[in-house]
Amino acid sequence: MPNIEIILGDITRQAVDAIVNAANCSLLGGGGVDGAIHRAAGPELLAECRTLHGCETGKAKITKGYRLPAKYVIHTPGPVWHGGGYGEEELLRSCYRSCLELAAENGCETVDFPSISTGVYHFPLEKAAPIAVGTIAAFLREHPEIRRVRMVCFDGRTKAFYDRALEELR
């Protein structure tokens, strides 16, 4: 079974190879996880993000971690939930896959994710958690070089959905 863990915590405090930022398409900071990561990393992160010229939903780009304990930040704009008829589920799968591909290409062995799109983008947690866990597990089976992936949940309700999704996968 792939090494996936679900923890409660602050993603900006994780000492790992890469943390994932649930970004917006501009990559220039925002609210929620995105704002927290930009604040913790310092102004150098914003300066590097300006050179990337944004990112499409479902894709990912990588930067240094700067003042974060993580070596890298992998930025991915998740889909906004519009009821499920606009490819949101496949776009969310693509976010997780794109981030893990960049992590593997950059030699990352440990990667921490937030719950992408389930905050202000309103992706339902009961749909997002199994997509995230299933996509990560499938990727890790093909890429043993990534030793561990964690979902870092900011509250108990979110963690409960990811715990359930992981349990159903086992």
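A nonpolar core is a set of buried Ala, Val, Leu, Ile, Met, Phe, Trp, Tyr and Cys residues joined through side-chain atoms within 4.5 Å. Buried here means under 20% relative accessible area. The model described is a predicted one. Its largest nonpolar core has 38 residues, its largest pocket holds about 460 Å³ of space, and its salt bridges number nine.

**The nonpolar core**

- Within the largest nonpolar core, the residues that touch the most other members are Y96, F113, I136 and Y162.
- Helices and strands both contribute: at least two residues of this core come from each of β1 (4–8), β2, β4 (72–77), α3, β5 (110–113), α4 (125–142), β6 and α5 (156–169).
- Helix α4 provides the largest share of this core, at 10 residues.
- As a general background, nonpolar side chains in soluble globular proteins tend to be buried together.

**Helix α3**

- Helix α3 covers residues 88–105; these 18 residues reach 26 Å from the first C-alpha to the last, close to the 26 Å expected at 1.5 Å a residue.
- The buried residues of α3 are E88, L92, S94, C95, Y96, S98, C99, L100, L102 and A103.
- Just after this helix, G107 has a positive phi of about 70°.

**Salt bridges**

- Through salt bridges that share partners, E89, E90, R93 and R97 are joined into one network.
- Another salt bridge links R13 to D10, with 3.3 Å between the closest N and O atoms.
- Of this pair, R13 counts as exposed at 65% relative accessibility, whereas D10 is partly exposed at 31%.

**The largest pocket**

- The lining of the largest pocket consists of 24 residues, and those nearest the centre of the pocket are A22, G31, G32, V33 and D34.
- The largest share of the lining, four residues, belongs to α1.
- By residue type, the lining of the largest pocket comprises 12 nonpolar, 10 polar and two charged residues.

**A residue of strand β2**

- V20 lies in strand β2 and is buried, with a relative accessible area of 0%.
- From V20 to W81 the separation is 61 residues in sequence and 20 Å in space, C-alpha to C-alpha.

Notes
Residues are numbered from 1 along each chain as its sequence is written. This is a predicted model: local features need pLDDT of at least 70, side-chain atom pairs count only at pLDDT 80 or more; totals for chains, interfaces and linings use all residues. Side-chain values use heavy atoms; hydrogens and water are left out. On a 1 Å grid over the protein atoms alone, a cavity is a set of points where a 1.4 Å probe fits but cannot get out, and a pocket is an open set with protein on both sides within 12 Å along at least five of seven lines; lining residues have an atom within 4 Å of a point. Grid points are joined across faces, edges and corners, and a volume is the space filled by probe spheres set on the points. Ala, Val, Leu, Ile, Met, Phe, Trp, Tyr, Cys and Pro count as nonpolar, Asp, Glu, Lys and Arg as charged, and the others, Gly among them, as polar. A salt bridge is a side-chain nitrogen of Lys or Arg within 4 Å of a carboxyl oxygen of Asp or Glu. Buried means under 20% relative accessible area, exposed over 50%, partly exposed in between (1.4 Å probe, protein chains only). The expected span of a helix is 1.5 Å times one less than its number of residues.
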